[in-house]
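Morning, everyone. Let's look at how two chains sit against each other. Here it is on the screen.

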2 protein chains.
Amino acid sequence: MHSHIVHAHPDPASYNGALTRAAERTLRDRGGTVTVSDLYGAGFDPVESGQHYPRRAEPDHFAPLAEQRHAWKTGTVPDDVTTQITLLEAADLVILQFPLWWHGPPAILKGWMDRVFVSGGLYTSGMRYDTGYFTGRRALVSVTTGAPRAAFGPGSRGGDFETMLWPVQYSLHYMGFSVLPPFVSYGVQGHGYSYEGRNSLEERLRGNLAAWASHLAGLHGIEPLRFPGWADWNEEGSALPR
Amino acid sequence: MHSHIVHAHPDPASYNGALTRAAERTLRDRGGTVTVSDLYGAGFDPVESGQHYPRRAEPDHFAPLAEQRHAWKTGTVPDDVTTQITLLEAADLVILQFPLWWHGPPAILKGWMDRVFVSGGLYTSGMRYDTGYFTGRRALVSVTTGAPRAAFGPGSRGGDFETMLWPVQYSLHYMGFSVLPPFVSYGVQGHGYSYEGRNSLEERLRGNLAAWASHLAGLHGIEPLRFPGWADWNEEGSALPR
């Protein structure tokens, strides 16, 4: 099994960094291969804009989806995007590793979706959802948050992860991935990067790394999340009565 | 009334551009004042990173929230962030204008939240939600999507806007804003920028601009969305039984 981790934290020494390294170790120890896209490390530009398309279909206006389709057709997809696509195409399992910032992924990862999920290339009107490009592959969100577990759930202060992660996870579903339930690391406080110390926070975070490793070791037994697909909609896209 | 529009589309001639100009015109015609942050036009950097903090509390590690607090305390908040904060502070109404990309805002707007909603400055553990910095101000999301109205709703192909916009709208609530229901422009197709032509798409989009203008003219009568607040949670942040 080949796994690819898309890693989106500005500090390699962060707890997110530790989670990514633990995943690499665990997946390799089990005989798999692993690649990592460190978006900050690579200086990935998350801003979809005309600057990425020097040979535009329409030089005077920038319609993002039209230019993505044109670039795919003419072989002018930006190099950094091609690199990311190649890494995704090789993977049986894709892990998105990020800290929860404002109830979602950091901008660098949001923009990775904006730019890498290329219209006309990785999806078309018929190649989406359960007929998506990555059908048969699995994806998994691993997210950290500073707040404790008790602060999450419907109506709770931090919000409900099912709602909060819906935009990211439904986007993965759109691309055809089978999306596994997310792994959430709670209570990752500012100095999470010093997690190798001795106090209770550090012990808890060390325990959570072990939980992450055994979660990854047991992935084969985990059912993907259920999202609606083509059989659930009429031609206009409205949900059919069940 | 003073309004501030945060505008996040790469093409000024886009339909998003038309919506922002219609809002400016309408709000001014009604005697108000309006400012606009054109994030693409300003080249706003949405990537929160150590590079924005040359005088770090911890030069060897980058813990974003700790550095935001340190910058606030030491008066070293990045200039582009200070500019955005000043514009927000002056506004009675804040409008976020953006196209729906991958079930959420473009990266440039996501990162505007990541960087501008400064920890220790615009929020603290006690100054959040209904005790937030912007309490008494209103905010409103105006979003465009290429898909038709029929494709949205619970279980429908495009997803449900209540879920989809929850991360953005709850973040505005976190900052203390009263969040008005979103204005959604459906069926904005690639060539929306040529909306001044004569075909049915263009007519529909022109009609939608008029609907947006009258929506803005009637805002005073609109009830904000309801989100939970401090009275709904125990000390740990769990939802209290109702």
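Start with the interface. Keep in mind that this is a predicted model. Between chain B and chain A, about 4,700 Å² of area is buried. Carbon and sulfur atoms give 63% of that area. Which residues of chain B lose the most area to chain A? They are B:W102, B:H103 and B:R157. Together they make up 20% of what that side buries.

Now count residues. On chain B, 59 residues are in contact with 59 residues of chain A.

What about polar links? The rule finds 30 residue pairs in polar contact across the interface of chain B and chain A, with both residues at pLDDT 80 or more.

Next, where does the chain B side come from? Helices α5, α6 (161-164) and α7 (166-174) of chain B each supply at least two residues of the side touching chain A. The largest share, six residues, comes from α5(B). By type, that side of chain B divides into 33 nonpolar, 17 polar and nine charged residues.

So let's zoom in on that helix. α5 of chain B, residues 107-116, packs with α4 of chain A, residues 107-116. The angle is about 175°, and the axes are 8 Å apart. Angles over 145 degrees count as roughly antiparallel. Therefore α4(A) and α5(B) are roughly antiparallel to each other.

Who meets whom? From α4(A), we have A:A107, A:K110, A:G111 and A:D114. They meet B:A107, B:K110, B:G111 and B:D114 in α5(B). The residues of this contact divide into two nonpolar, two polar and four charged.

Key
Residues numbered from 1 in each chain as written. Chains lettered and ligands numbered in written order. Predicted model: local features only at pLDDT ≥ 70, side-chain atom pairs only at ≥ 80, totals over all residues. Heavy atoms only, no water. Axes fitted to C-alpha atoms, helices over the stretch in contact; angles between N-to-C directions. Helix = DSSP H or I, 4+ residues; strand = E, 2+ residues; numbered from the N terminus. Parallel < 35°, antiparallel > 145°, perpendicular 65-115°, else oblique. Contact = heavy atoms within 4.5 Å. Nonpolar A, V, L, I, M, F, W, Y, C, P; charged D, E, K, R; others polar. Buried area = accessible area lost by both parts, 1.4 Å probe. Polar contact = N/O pair within 3.5 Å; in protein donor to acceptor, adjacent residues only side chain to side chain.
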